Structures are given as structure tokens and as C-alpha cells.
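User: I want to learn how to read strands, sheets and helices in a model like this one. Where should we begin?

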Amino acid sequence: MMTYDYDVIVVGGGHAGVEAALAVARMGKTAAIVTMEASKLALMSCNPAIGGIGKSHLVKEIDALGGLMGEAIDATGIQFRRLNLSRGPAVWSTRVQADRIKYNEYVVRFVAAQKNVDVIEGLAGQILADNGRVCGMKTEAGRSVTSRAVIIASGTFLGGLIHIGDKKIRAGRMGEPAAYMLSESLAELGFEIGRLKTGTPPRLDGDTIDWSKCEVQPGEQPLPLFSHRSVREPFEQTPCHLTYTTEATRAIISANFKASPIFSGQIKSTGPRYCPSIEDKFFRFADKPRHQVFLEPEGNGTNEIYPNGFSTALPEKIQYQAVRTLTGLENVRPTRPGYAIEYDYCPAFQVMPSLETRRIKGLFFAGQINGTSGYEEAAGQGLMAGINAVLGIEGEPPFVLDRSEAYIGVMIDDLTTRSTTEPYRLFTSRAEYRLALREDNARDRLYGYAKEHKLIDDNDFVSFVSLQEKTLQEINLLRRKRVRVSEIGKLGDRFQKRESISLEDLLKQPGVTIGDALPILARFDGEFSVDREVLERAAIFIRYRGYVEKQQREIDKFKRMENEKIPEDFDFTAVKGLKQEAFDKFQCFRPVSLGQAGRIEGVTPGDIAVLSVYLKKHKG
């Protein structure tokens, strides 16, 4: 029997690669991260922040499955904010500004202290496979490393090409080489390869900005932490600022559209729709008088500022002229130019929901190679690829989250049922069951899986069960306890025809927060919990119970479709009555269930009815 150097090799040391390797180690297997520099693990190439709309839900889920991202940003964040609080808790989101260097250093230290994980410095060059099964990889320098599974988490390094005006630089990140041999290796193995684009803004010297002309964006207290494991005392947070483009900005950008490789034809690939360059903004939204630009510090130990919203690939001279037309930036000194970067990816119909490739057994793709954009999306995929790599080695069924269980499930299902032609970004609007997929209940949804796959400590699980029990006790207490309407001030104006109300009814009222209820709860001589997390969990359950129960009925219907499984080797040519487009899509995407088949673009309800009848007729 062959002896392998490692159980799993992870190609790439970004957010996807780190989460993949750590998941493998937590499950008791050995992992090697192959990356160019061991000191740059999880280095933020673009915006120095974690979270945001939809993305924060991913971070909470990663944390619930034992991942590192939430813990790392909690420890190194310089500003903490909650978004969307004027709306319901389903779309509440957390965003934390990072100290970019300290975040990277935290991850490097954590990985170094993790047993079963080694870091190998080198540039991946070739995937080694034998009879359709992966058996390792070889670096460009010729070093071979064997393994039973390989996870490719290559980010923008796969065939990376930087554009600044008409200047082209073969690189995966400024100053770092790209992996071209690896792209060639994947093509030789038969994978279809496409091309995508993303970009980054210039960096600015904060000492040369007139902050008095910009709007302050302060942090919040108490700190909205991502990880249940985190403990951090209140501190003086570093503010971000908001500024705007001007008519002078428009004039410079509009006069130089042809100087941008995005418009000159030099860049042929598609960029992210939801994060366009400043050139693209002025082109697509020509009637908009101005655009927001958020000035985000890169950390507490540097004066460097990231102008979020000013991504550009214009020539350096024009970039600098344009950025000096922003309000407060008239005398700013840029420290690094912005650029666009094209890179290779493998359209995700080539992977199964487990993220294992259909073509090569034991080979997994995670992150931008699947067409996604963003640290959080990459980390979620890396985590799932790591888990499934171990399960595959052990001969166990893959771990797949569906759309009703997690945003991770929504993301992977979107990737594997749709043709990704632009960088994919997750939003809460992508989830049809978002009332059930909130930030606050990530552990309720996923902790059972985490325990099953040995991704968390047993003490963590016991502690969480205790939290669930306390929450249930609090809910029952809120139902039983009543207060006189005359004793609750303005809150009582809503109940003028009643003498008393239950605290449950009070919390159901729109606009009433747990903060409003705290002074009332304090009157009950310590009967209620002093743990704010317990109280908020109870309040959310009470307020949205009816809506969640209604959505649960929809989820039950969804689950029935998901449970109609399609065998992996199913012969779609045997199904008579399918339209040609449906047949072609089924052959390409190879859906694993009737529900997934119905979500493929171009497939009609009629096609699903034909397929359903055939599956039932030939079941067993």
C-alpha cells in the first residue's frame, strides 16, 4: 500500500487554503499548505475588512463549524459595526475593519501552532493523478509531494495578469509571481478554464488627507463579535470616513476611458458586477452626480488608507490626478497604484456539491477557482472542501449543506447549478429561506454537524446546549410574566385598552428592542437572565416565531424535492420527453437531486415533471 507524505495537500495559503487545512487537522488528518511565502497566510490582498451584507452570515457559519476567520478578525479588528439594524434580524450583518498586518500575523501564528499542518514554500506547478485519482502535486522547482487528496485554493494567482493602463505584469498579486504552470496542468487534465477579472484601488497616505472635509464613520459598543469563542474588552476604535467624487473626478475619468484597459479592449474578461471600477461606475451610471468612497485604515500601525469604491486600472498618472479631485483628498499622496487583475478559473459545473471535481477523484476546488469573489466566500468553500477531503479519504459520504441550512449551502448550490460568467458574491437576497438563516442562529443550525465531524471541542458543544436551554427558559418566562400597561411609560400607548400584557406581547411589537425591555425586566428581582445574548435570542424567537414557522413549511416542501436523489451515474439519455436544453444542462451540471435539477437555468417545470415520473417509475 502506498505511503503518502500527507493526507491532504492544500494549494494556496489564502483564506480558503487556511480554513481547508485547519479543518483537515481538526478532523485528525495531516495537511500541507503549499504557498509562496509562509509569512503571508490569509494576507488581505484587497479591502482590509471582514463581513458585510450576507458575507457576515458566512463568517458566523464558518465559526459555528470550528473555522478561524471570525476569531481572527475579532482579535485584530480596529472598528466594529452592525449593518441593516433598521430592518429585521434576518438581514442584520456585522462588518469589522481589520488591521491588515495583525490579521495576517494572527493567522500565521495560529497555523504554526496547529499540529498536523505544515507549510511548504513553493509555487505549485502540476497536479499529479493516476487512473483518474489525484495522488499529489509538484512545484515549479520540481519538488513532488504526495497525498490522498488535493485542494486547489489558488485565488487570483492562477494565470494572474495585472493591468495598469497599457502596462501588463504577470503576477498573482503585486510583486508576487502567478501560477501559470498550474493552469496548464489543469487544462492537460481536461478541465475547462475561463477568465475573470477583479481590481483594487490605489493606497493613500492618511497624513495627507484633510479629514475635516470627510464624514466620520464611528464604530459601535458593545463590540459585535463574530466568534462565540472571542472575548475582547472595549477599546478606542479607529474611525473610517466617507467622502465623495466630484464633477472634476467625472471630467478626468470620462476623458480617459480609452486609457483604461477595461475599455480599450486589453481586458477581455468579466469583472464583478457589484464592485465595479471607478471607470465603470462613471460609464454605467452617467446620470449619477457623485459616488461614495469610504476611506478605510489598513491598520493601527500604518497611515495607509484604502479608498473603498475607487478601484481602477487607469495609468498611474491619471489615477493620481483623479483621486486628488475627491473631497478632502486635494493634496493626498498615493503610496501604491490601483490595478485590475485577470486570472483563470474553472467554471463550477465541473465540481460536485462536495466541491470534489467530477473529472479527478480526490481533487477539490475552493474559492476564486470556482468563480467566487471575496475572502468570506473563499473561506466557506475552503472549510467545506477540507471537511469533504477527509470524509472522502475515510470512505464516508460527503457533507453537503442545502439552501435551507446555511448560506454556505446557498453559495455552493448557486455555483453548481448556474453558469458563473462573472465573479460571484453572496448577498442575503440570494437566500429564499433567509428568515431561518440569521446571524444569531448559526450555531443552532450547524453545531450538530460540527460535533458530528469533530470540528469543535466537546466542551463548546455542552456550553452551547446550556445556552439553548437558558434561551428556552427565558422564552417561557417572557410568556408567563405580565406587566401593568400603566407602568411601562410610552410603550403602554400601544395597549391603552388593556390593563396588563405579557412580556411576550410587548416584545412582539414593531420597534420594541431588548434594550427597551431591559428596565422592565429589571423589576422582576433577578428572575430574568443578565446575559444579553440569551435575552436577544429569546426576543428574536418570540418576535419572528410565526414567520419562521411559515417558512419552515416551505423548507419542508423544499426538503422533499432535495430528498428525491438522482444517482451519480444516472443516464439522462434514457429519459424520454426532455427538451434538448434541459438534457444538455443535466449532462453538464449532473444534478444530485430533483430539487437541484429544478434550479438549473433553462430547465422548466415540465422537464422536472418528466424527470420525476421517470425516477419514481424506475426507483430501486
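Analyst: Start with a cut-off. A residue counts as buried when its relative accessible area is under 20%. Keep in mind that this is a predicted model. Now take strand S15, residues 240-244. Of its 5 residues, 5 are buried.

User: Which residues of S15 lie on one side, and which on the other?

Analyst: The general idea comes before the case. In a regular strand, side chains alternate between the two faces of the sheet. In S15, Cys-240, Leu-242 and Tyr-244 take one side. His-241 and Thr-243 take the other. Both faces are covered, and these residues are all buried.

User: Which strands pair with S15, and in what sense?

Analyst: Strands of a sheet pair through backbone hydrogen bonds, either parallel or antiparallel. S15 pairs with strand S14 (residues 215-217) in the antiparallel sense, over 3 bridges. Strand S16 (residues 292-297) is also antiparallel to S15, joined by 4 bridges.

User: Which residues stand opposite one another there?

Analyst: Follow His-241. Val-216 stands opposite His-241. In S16, the bridge partner of His-241 is Leu-295.

User: How many bridges join S12 to S19?

Analyst: There are 7, and the two strands pair in the antiparallel sense. Strand S19 covers residues 339-345. One of the facing pairs is Arg-195 with Asp-344 in S19.

User: Now helices. What span should H1 have, and what does the model give?

Analyst: Helix H1 covers residues 15-26, so 12 residues at 1.5 Å a residue should span 16 Å. Its end C-alpha atoms are 17 Å apart, which agrees. After H1 comes Gly-28, with a positive phi near 90 degrees.

User: Is H1 enclosed or open to the outside?

Analyst: Count the buried residues. In H1, 11 of the 12 are buried, so the helix is largely enclosed by the rest of the structure. Among them are His-15, Glu-19, Leu-22 and Val-24.

User: What are the length and the buried residues of H13?

Analyst: Helix H13 (residues 458-480) has 23 residues. From first C-alpha to last, H13 reaches 34 Å, close to the expected 33 Å. An α-helix has 3.6 residues a turn, so residues three or four places apart point the same way. In H13, the buried residues are Phe-464, Leu-467, Thr-471, Glu-474, Ile-475, Leu-477 and Leu-478. Their cover includes helix H12 (442-452), strand S22 (500-502), helix H14 (503-507), helix H15 (514-521) and helix H16 (532-562).

User: Where does Gly-70 lie, and what is in contact with it?

Analyst: Gly-70 lies in helix H3 (residues 69-76). It is buried, with a relative accessible area of 0%. Leaving aside neighbours within four places in sequence, the contacts of Gly-70 are Val-59, Phe-226, Ser-227 and Ser-230. Gly-70 and Phe-226 are 156 residues apart in sequence, yet their C-alpha atoms are 4.9 Å apart.

User: What do the totals for the chain come to?

Analyst: The chain has 19 helices and 22 strands. Its radius of gyration is 26 Å, close to the 25 Å of the globule rule for 620 residues, so the chain is as compact as a globular protein of that length. Buried residues make up 57% of the 620. Of contacts between residues at least 6 apart in sequence, 72% join residues at least 24 apart. The chain exposes about 26400 Å², and carbon and sulfur atoms supply 50% of that.

Methods: Residues are numbered from 1 along each chain as its sequence is written. This is a predicted model: local features need pLDDT of at least 70, side-chain atom pairs count only at pLDDT 80 or more; totals for chains, interfaces and linings use all residues. Side-chain values use heavy atoms; hydrogens and water are left out. Buried means under 20% relative accessible area, exposed over 50%, partly exposed in between (1.4 Å probe, protein chains only). Two strands pair if DSSP finds at least two bridges between them. The radius of gyration is taken over C-alpha atoms; the globule rule is 2.2 Å times the number of residues to the power 0.38. Contact means heavy atoms within 4.5 Å. Accessible areas come from the Shrake-Rupley method with a 1.4 Å probe; for residues, only the protein chains shown count as cover. The expected span of a helix is 1.5 Å times one less than its number of residues.
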